[in-house]
2 protein chains.
Amino acid sequence: MLTHLTPTSLPRPHSFSEFGMTAESNPSINLNEFTYRRGSEIYGEKEPAQYVYQVLSGTVRSYKLLSDGRRQIGAFHVPRDIFGLENGGFHRFTTEAVVDTAVRLIKRESLEAIAENDGALIKNLLFMTATNLQHAEDHMLLLGRKTSMERVAAFLIEMDRRLTAAGILALPMTRRDIADYLGLTLETISRSLSYLRELGVLRFIDNNQRHVVIMDRRQLVEFDRQT
Amino acid sequence: MLTHLTPTSLPRPHSFSEFGMTAESNPSINLNEFTYRRGSEIYGEKEPAQYVYQVLSGTVRSYKLLSDGRRQIGAFHVPRDIFGLENGGFHRFTTEAVVDTAVRLIKRESLEAIAENDGALIKNLLFMTATNLQHAEDHMLLLGRKTSMERVAAFLIEMDRRLTAAGILALPMTRRDIADYLGLTLETISRSLSYLRELGVLRFIDNNQRHVVIMDRRQLVEFDRQT
DNA sequence: CGGGGGCTTGAGGCCACTCAACGATAGTGG
DNA sequence: CCACTATCGTTGAGTGGCCTCAAGCCCCCG
C-alpha cells in the first residue's frame with residue numbers, strides 16, 4: 001500500500017453523518033484516516049471493495065480504462081463526498097488522488113452488518129446511490145450530445161458549485177483530467193478555456209495559469225445549453 | 001392521457017417479485033396494467049413520479065432533451081425491466097413507448113409506505129438503483145471514449161444479451177433511437193451496420209432490413225474493445 | 001541547472017456530421 | 001383498391017469540429 005497514516009491533527013470538517021453514524025455513537029465502527037500522495041491509487045477497478053471513503057481534503061478521480069489506454073473519468077470527488085460505495089462486492093472504477101488527499105474510511109463489512117438492522121442507514125445508502133445515478137445520467141447527456149464549449153462551461157459551473165460556490169475556483173486537476181472527464185482532448189480543453197478568457201468570461205489569476213480561475217457564472221450558463 | 005386499459009388477458013410473464021411482493025401477498029398494493037401506443041409518452045421529465053413501471057411487452061426509451069432538440073437516450077427498457085423508480089419525487093427522464101407496449105404499474109406512495117417497514121424491500125430498491133448506476137457508468141465510458149464501430153458493436157451485444165441471448169435479434173427501435181442512445185447520428189448507425197453486414201458479422205433477415213438481425217457474437221466482441 | 005510535467009498554440013488530418021437523393025414500407029383517406 | 005403521405009433506411013458527397021502531431025514556454029524539483 002502506498003498509503004500512510006495521517007496525523008490526528010488533520011482537519012475533520014465533516015463526519016460520516018451521512019451514514020447516520022459516527023465513531024462516538026457506534027463504537028463498533030472504526031473510522032480511520034489515511035492520506036494519499038498526489039497520483040497514487042486508492043483502489044483499482046474490480047478489486048474487492050473493503051472500504052467506503054469520505055474525502056476530507058484534496059480531490060479524487062474515479063475512472064475506467066479501455067485496453068488501449070483510453071480513459072473515462074466518471075467523477076471527481078471533493079471534500080465531503082463519499083465514494084467507493086459499491087452494491088456488489090467489487091469496485092467498478094479505479095480511483096486515484098488528484099492531489100495530496102486525506103480520506104476517512106469505514107470498513108464495508110461493518111457497514112453492512114449495521115445496515116442489516118438499520119433501516120435509516122439503508123435509506124441513506126439508497127439516497128447516496130441515487131445521487132450518484134443522477135450525476136451519471138446528466139453526464140451521459142453531456143458526453144453524448146454537448147459540444148466542447150458546452151462541456152467545458154458545464155464543467156466549470158459544476159466545479160464552482162461543488163468547490164466554492166463563490167465564482168473563484170481553484171481547480172485541482174490537470175487539463176488531461178478535465179479532458180478525460182468531458183470526453184475530449186487536453187488541447188481542446190486548453191483552447192476552450194483560452195477562448196472563454198478572450199471573451200472575458202474567465203480570468204486566470206496566479207501567474208501559473210493552471211489553478212485559479214475567476215468566472216462569470218451568468219455568462220457561462222449561456223454557453224451550456226441546458227435541458 | 002393517451003393510455004388505455006389493457007384487457008386482463010394480457011400476458012403476465014413476470015411479477016413485481018423484484019420488489020419482494022405481489023398483489024396476492026400484499027393486497028394493499030394494486031398492480032394495474034396499461035398499454036401505450038407506439039410513440040406515446042408515458043411520463044415527462046420533471047413530472048411528479050406517481051408510479052413505478054415494469055415492462056410486460058414492448059420496449060420503452062428514457063431520454064433527456066436539450067433546448068434545441070438534441071436528445072440523449074439513457075436506456076431502453078425491455079420486458080421484465082423496471083423503470084420510473086426515482087429517489088426524489090420527480091422523474092429525471094421522459095419515457096415513451098418505442099412500440100406498442102404493455103406495462104404494469106404500482107403506486108409510488110404505496111411502495112414507499114411499505115418500504116418504511118420492510119428492510120428487504122428497501123434493499124431491493126437499493127439493488128435496482130445500483131444496477132441502473134452501473135449501466136450508466138458503463139455508458140459514460142462508451143459515450144466519452146469509444147468509436148462509432150465500438151459503440152454499435154457494444155449496443156448489439158447488449159441487446160442480444162437483454163432481448164434474446166440467442167444470436168437472433170429483433171430490434172424494436174429505429175436508427176434514430178439507436179443513434180441517440182449511442183451519441184451518434186442515424187446515418188453513422190446505418191453505415192456501421194452495413195459495414196458489419198459486409199464483413200459477415202451481421203445478416204439481416206426479413207425483407208425489411210430493419211428488424212431482425214443474425215449476429216456473430218464472437219466476431220462482434222472483437223469490435224468492442226472492452227475494459 | 002538539467003529534466004520532466006503541464007499548458008498553450010499552430011498546422012494539418014480524419015472521423016463523424018451534414019445535406020441530399022432515393023427506395024421501400026406502412027398508414028390514411030377517398 | 002389505389003393514390004397520397006409520412007416514416008424509415010441506405011448511400012453518396014462534401015464539410016467541419018475535434019483530434020493528432022509538433023514546437024515552445026513556464027514552473028517545479030531533484
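**Stop one: between the chains**

Show chain A and chain B together and look for the 10 salt bridges that join them (a side-chain nitrogen of Lys or Arg within 4 Å of a carboxyl oxygen of Asp or Glu). This is a predicted model, where local features need pLDDT of at least 70 and side-chain atom pairs pLDDT 80 or more, while totals for chains, interfaces and linings use all residues. Residues count from 1 along each chain as written, chains are lettered from A and ligands numbered from 1 in the order written, and side-chain values use heavy atoms, without hydrogens or water.

Zoom in on Glu116(A) and Lys123(B): they form a salt bridge, with the closest N and O atoms 2.8 Å apart. Next, pick α2(A), which gives 19 residues, the largest share of the side of chain A that touches chain B. Helices here are DSSP runs of H or I, at least four residues, and strands are E runs of at least two, numbered from the N terminus.

Now select the whole contact (heavy atoms within 4.5 Å): 43 residues come from chain A and 43 from chain B. The copies meet through the same surface, because 100% of chain A's interface residues are also interface residues in chain B.

**Stop two: a sheet in chain B**

Select β10, β12 and β11 of chain B, which form an open antiparallel sheet in that order; strands pair if DSSP finds at least two bridges between them. β10 (168-170) and β11 (202-205) of chain B are at the edges, each with a single partner strand, so one side of each has no neighbour in the sheet. Finally, click Ala170(B): opposite stands Val212(B) in β12(B).
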